[in-house]
Every structure is written in structure tokens, then in C-alpha cells.
Amino acid sequence: DFVIRFRREAQAAASLSHPNIVSIYDVGKEDGIHYIVMEYVEGKTLKQIIKEEGPLPAPLVLEIARQICDAIECAHKNKIIHRDIKPHNVIITPEGRVKVTDFGIARAINCSTITNSGGIVGSVHYFSPEQAKGDYTDERSDIYSFGVLLYEAFTGKLPFTGDSPVSVALKHLQEKPASISKMLSGFPDFIEDIISRCLEKLPENRYQTISELKRDIIKAQKKLEESGF
């Protein structure tokens, strides 16, 4: 069952063609090993950059965010939900192009290995509340995870941490993240509003589409330029 899901999801992801998405060239099997052939992207993951540089400058984060939106928008239009948006799955090339990877694969993994795969447990920091509960997920689940990614890029910290995956999942369900403007004095409130809306516990209170979120990110980019932040 897992292999069938893996192949189906990988083939669906292979149908995505976009400059901000890591291409999948082939899906196959040899000597009992199932594999994916993907585009090689030179660069660093956003997670590596955050670890090395700490909180990133607002103009840089918004430009990365806009390109991630372009990638997710393409996927959502093709009925593919990522389900594992996190800085580890975002690669930045030396030229500054953003490449999002692992589209659709998370779904195959989630179906059968959430309880015993160390890899997927690590994603609990980016899970939406509905994923933490094992409820239905849709495009708005990606928007929540994207909000966590933005929070981490701007602050250098995750909104929720804990001693165990379960304790982190409970915080996603029950707690509000610390205010960014209290951590970083002078942080623009119009950017914090975008992140707060992404991180709403109930899907109906978030941005309903990634296109709607992208419009606000572009507006925020213009406001930053005008304010000389």
C-alpha cells in the first residue's frame, strides 16, 4: 500500500512544472528499490541559512516568501497539497532563486509511517493543528505551515518547542506563539498581521488561498520599500 501511494504521489508531483519547484524527472524501480530522479539544485536550504545567519532581513524573507507562494500556488492549482512545508524543503540557489521540494511525497509518508518514522516526527514543529489531530487537511494546512516557516525566518526561532513531539503538537492546538514585535523592537505590524493570520488555529480564520496570501506579501514588500525598513 505504501509503495502504491508513494508512486502515485511522486507521479502527481512529477506533473508540476514551475521555476520555483524542484523538478521530478522519473519514478522507477530497480532490484526491488523504488526511487525518484530529481533535479539537482545547488544551494542551501532555508533551514541552513536561518541556522547560520539567525533572524533574516525582512526584505529578504518577503522575497523568499513570494517565490514560495508561486510554487505552492502552482501545486494547489494542480490539486496537490504539499503537507510538509518547512525551511528544510526550501532551497535557495546562489542566484537567489527559491526551489521548493518534496511536493506530495509527505502525503504518502503520512499515511503509513507517522508513528514510526523519525523523519516525519521532526516535522511536528511545522504541523497545522488539524494535522496534529489527524483531521482532514487541505490547502489551508500548507498556509499554516508556511506561517511557521515565516515566523522562524523572521525571528530565528520556532513558535513552539517542547520536550516531545506530543507536547509540541499540543501547543499548536492550544497556545499562541510569542509576539514577534515583542522579540524584535520596531518589527512592522503589517508583516506580523500576515503571519498571525497564517497561524490561526481554525482553517476558516486563515487565508483561504495561497493567492490571497501572496497578494498581501507583495503589498508588504511595497510598504517596506516605501518605509525604507
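Helices α3 and α11 cross in a left-handed way, meaning that the near helix is turned anticlockwise from the far one by less than a right angle. The model is predicted, so local features need pLDDT of at least 70 and side-chain atom pairs count only at pLDDT 80 or more, while totals for chains, interfaces and linings use all residues. Residues are numbered from 1 along each chain as its sequence is written, and side-chain values use heavy atoms, with hydrogens and water left out.

Helices (H or I, at least four residues) and strands (E, at least two) are DSSP runs, numbered from the N terminus. The axes of α3 (residues 58–77) and α11 (residues 210–227) come within 9 Å and cross at roughly 160°. That makes α3 roughly antiparallel to α11, a label for angles over 145 degrees. Axes here are lines fitted to C-alpha atoms, for helices over the stretch in contact, and angles run from 0 to 180 degrees between N-to-C directions.

Who touches whom? On the α3 side, the residues that meet α11 include Leu62, Arg66, Cys69 and Glu73; among their partners in α11 are Leu213, Lys214, Ile217 and Gln221. Contact means heavy atoms within 4.5 Å.

Then there is the sheet. Its three strands form an open sheet in the order β3-β4-β5, with antiparallel pairing, where two strands pair if DSSP finds at least two bridges between them. The edge strands, each pairing on one side only, are β3 (44–45) and β5 (98–100). Strand β4 (residues 90–92) is joined to β5 by three bridges, and Ile91 has Lys99 in β5 as its bridge partner. Helix α3 turns up again here: α3 packs on the sheet, touching β4 and β5, and its direction makes about 40° with that of β5.

Methods: Parallel < 35°, antiparallel > 145°, perpendicular 65-115°, else oblique.
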